[in-house]
Amino acid sequence: MQKKAVLFDLDGVLVTTDDCHYRAWKQMADEEHIPFTRTDNERLRGVSRMASLEIVLEKAARAYSEEEKLALAERKNRYYVQLIRKLTDAAILPGARETVIRLREAGVLTAVASSSKNARLILTQVGLIDLFDAIIDGTQITKSKPDPEVVLKAAELRHKKPQDCIVVEDADAGIAAAKSAGMYAVAVGNAHGGDLHYSGLDSVDLLKLAVGKETK
Ligand code: BG6
Ligand code: MG
């Protein structure tokens, strides 16, 4: 049986950046007097920056022009980048590094397929950048998840057919992207709709799934 490639989402699967996103959106929202809670932040999981902004602005008291929206998104990103520049390997989620290393040692192709335009900065910051055969991020796609573009591009880059790819995702939008690409979807955390569901990478045996045989 051919080995499958494993395509990892970044935020919420390999690293925890939720708090940085929350604090950056919160600062921008407070300055604009827009209510924003951690529950609101959950809705932004897997959603692109501009689509996230539209969700944040649902609670705004006034309408914003396209130019203003771009400025707000840039401002949020400035705050976010200041925070992620302080990340260390402590932001790597339990089991993530070990899982990727184990897959690579077994000759399984690994990739990151993320909507974030900051994916490479985050991977560098936490020391995971060299562990992947391919990285497709928010700077290389025109349509964000749930569109399958990001996972299809990652598969193409490594000459893998969709049916030979396993996607690991913590967002409903990412699971939807994987399914519409025709890939196998492993949901972690609170994501719904996957072929399998686990709490995190410390509890899933991806090698078994990728190689198709008992490994433990
Ligand atoms: C995703 C996050 O990975 O990236 C979303 O789950 C975020 O919350 C999106 O909005 C875009 O991130 P960035 O870094 O390009 O603003
Ligand atoms: Mg995610």
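Helices here are DSSP runs of H or I at least four residues long and strands are runs of E at least two long, numbered from the N terminus. This is a predicted model, so local features need pLDDT of at least 70 and side-chain atom pairs pLDDT 80 or more, while totals for chains, interfaces and linings use all residues. Residues count from 1 along each chain as its sequence is written, chains are lettered from A and ligands numbered from 1 in the order written, and side-chain values use heavy atoms, leaving out hydrogens and water.

**View 1. Helix H7 and the residue just after it.** Just past the end of H7, look for His159, which takes a positive phi of about 55°.

View 2. Six strands line up as E3-E2-E1-E4-E5-E6 in an open, parallel sheet; two strands pair if DSSP finds at least two bridges between them. At the edges sit E3 (134-136) and E6 (196-198), each pairing on one side only. From one strand to the next, the twist averages 20°. Helix H5 (residues 96-105) packs on this sheet, touching E1 and E2 (110-113), and its direction makes about 160° with that of E1. Axes are lines fitted to C-alpha atoms, for helices over the stretch in contact, with angles from 0 to 180 degrees between N-to-C directions.

**View 3. Strand E4 and its neighbours.** E4 (residues 165-169) runs parallel to E1 (residues 5-8), with 4 bridges joining the two. Ala5 has Cys165 as its bridge partner, and Val6 stands opposite Ile166. Both faces of E4 are covered: Cys165, Val167 and Glu169 are buried on one side, Ile166 and Val168 on the other. E4 also pairs with E5, again parallel and over 4 bridges, with Val167 opposite Ala185. The chain gets from E4 to E5 through H8 in a right-handed β-α-β crossover (with the strands pointing away from the viewer, the path from the first strand over the helix to the second runs clockwise). Helix H8 (residues 172-181) lies across E4 and E5 (184-188), at about 170° to E5.

**View 4. Two aromatic pairs.** The structure holds 2 aromatic pairs, meaning ring centres of Phe, Tyr or Trp (its six-membered ring) within 6.5 Å; planes under 30 degrees apart are stacked, over 60 edge-to-face, the rest tilted. Phe8 and Phe132 have ring centres 6.2 Å apart and planes at 70°, so they are edge-to-face. Phe8 is in E1 and Phe132 in the loop between H6 (119-126) and E3, so the pair ties together parts 124 residues apart in sequence. Phe8 is buried at 0% relative accessibility, and Phe132 at 10%. Tyr22 and Phe36, with centres 5.8 Å apart and planes at 20°, are stacked. Tyr22 belongs to H1 (residues 18-31), while Phe36, 14 residues away, is in the loop between H1 and H2 (38-42).

**View 5. Around Val56.** Val56 is in helix H3 (residues 49-56) and, at 3% relative accessibility, is buried. Leaving aside residues up to four places away in sequence, Val56 touches Trp25, Met28, Ile34, Phe36 and Leu44. Phe36 is 20 residues from Val56 in sequence, yet their C-alpha atoms are 7.0 Å apart.

Key:
Contact = heavy atoms within 4.5 Å. Buried < 20%, exposed > 50% of the residue type's maximum accessible area, 1.4 Å probe, protein only.
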